Amino acid sequence: MGNFDFINNEKLKKQIEFAVTVDEMKNILRRNLVANGSRRENDAEHSWHLAMLAMLFEEYSSEKVDMGRVLKIALVHDLVEVYAGDTFCYDKKGNEDKLERETKAAEKLFGSLDSPQGDEIRALWDEFEAKETPESRYANAIDRIQPLFLNFLTNGHTWKLGDVHARQVFERNDIVRTAAPELWQIVEDIVAESIKKGILKP
């Protein structure tokens, strides 16, 4: 891969290098399949889809949100996986050190940009993780809904990989119940239909 050492503007060079680094998101595969079941979804596609759904379902947020900030959070929330990799949400062992790995990745990735830009993007990631603002709670709810749709459409692909039961799906999606209550009924309906179809264990 080429480098950008010929660029004299140091700040701009770092921004370009950051852009190239996060391009790796296109190569980080998640456990979910895309909706037609033809292949695994990558991190970049997930982040775009999350942003799209967040905009689409804004009316169902239980709190008024700044959609511009929600979209920024959606774009940033998984960037650390460039260095930390994707951790399967139902993998207990993998989740034991997830926060530690992702925090180190955040320091490396966002620290590669000059302040205040690097600090601003890092703050968006921290906000998503903390779930303490309306925007982060709503973004987290949609982050749970998106793979729920994909699992249902691909015959429980990742649920089967992780030997997942309905209780675990409800626990994983619990934030939807408070952050987007009208969508919680969809969670319940999808789980019930999935059990009925035999693609999710009761």
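The model is predicted, so local features need pLDDT of at least 70 and side-chain atom pairs count only at pLDDT 80 or more, while totals for chains, interfaces and linings use all residues. Residues are numbered from 1 along each chain as its sequence is written, and side-chain values use heavy atoms, with hydrogens and water left out.

**Exercise 1. Find H46 and say whether H46 is buried or exposed.**

Step 1: Go to helix α2, residues 43–56, where H46 is found. Helices here are DSSP runs of H or I with at least four residues, strands are runs of E with at least two, and both are numbered from the N terminus.

Step 2: Check the surface. H46 has a relative accessible area of 0% and is therefore buried; buried means under 20%, exposed over 50%, and partly exposed in between, with a 1.4 Å probe and protein chains only.

Step 3: List the neighbours. Beyond four places in sequence, H46 is in contact with R30, E41, H77, D78, D143 and Q146, where contact means heavy atoms within 4.5 Å. One of these, D78, is 32 residues from H46 in sequence, and the C-alpha atoms of the two are 9.0 Å apart.

**Exercise 2. Work out which residues of helix α3 are buried and what they pack against.**

Step 1: Along α3 (residues 67–76), the buried residues are M67, V70, I73, A74 and V76.

Step 2: Recall a rule about spacing. An α-helix has 3.6 residues a turn, so residues three or four places apart point the same way.

Step 3: Look across from the buried residues of α3, and you meet α2, α6 (98–110), α7 (117–130) and α8.

**Exercise 3. Describe how strands β1 and β2 are joined.**

Step 1: β1 (residues 29–33) and β2 (residues 40–42) pair in the antiparallel sense over 2 bridges; two strands pair if DSSP finds at least two bridges between them.

Step 2: Follow the turn. The hairpin has 6 residues between the strands, and G37 takes a positive phi near 75 degrees.

**Exercise 4. Explore the largest pocket and say which element gives the most to its lining.**

Step 1: Settle the terms. On a 1 Å grid over the protein atoms alone, a pocket is an open set of points with protein on both sides within 12 Å along at least five of seven lines, whereas a cavity is a set where a 1.4 Å probe fits but cannot get out; lining residues have an atom within 4 Å of a point. Grid points are joined across faces, edges and corners, and a volume is the space filled by probe spheres set on the points.

Step 2: The largest pocket holds about 560 Å³ of space. Its lining has 29 residues, with T87, C89, D143, R144 and R172 nearest the centre.

Step 3: Helix α8 gives the most, with 6 residues.
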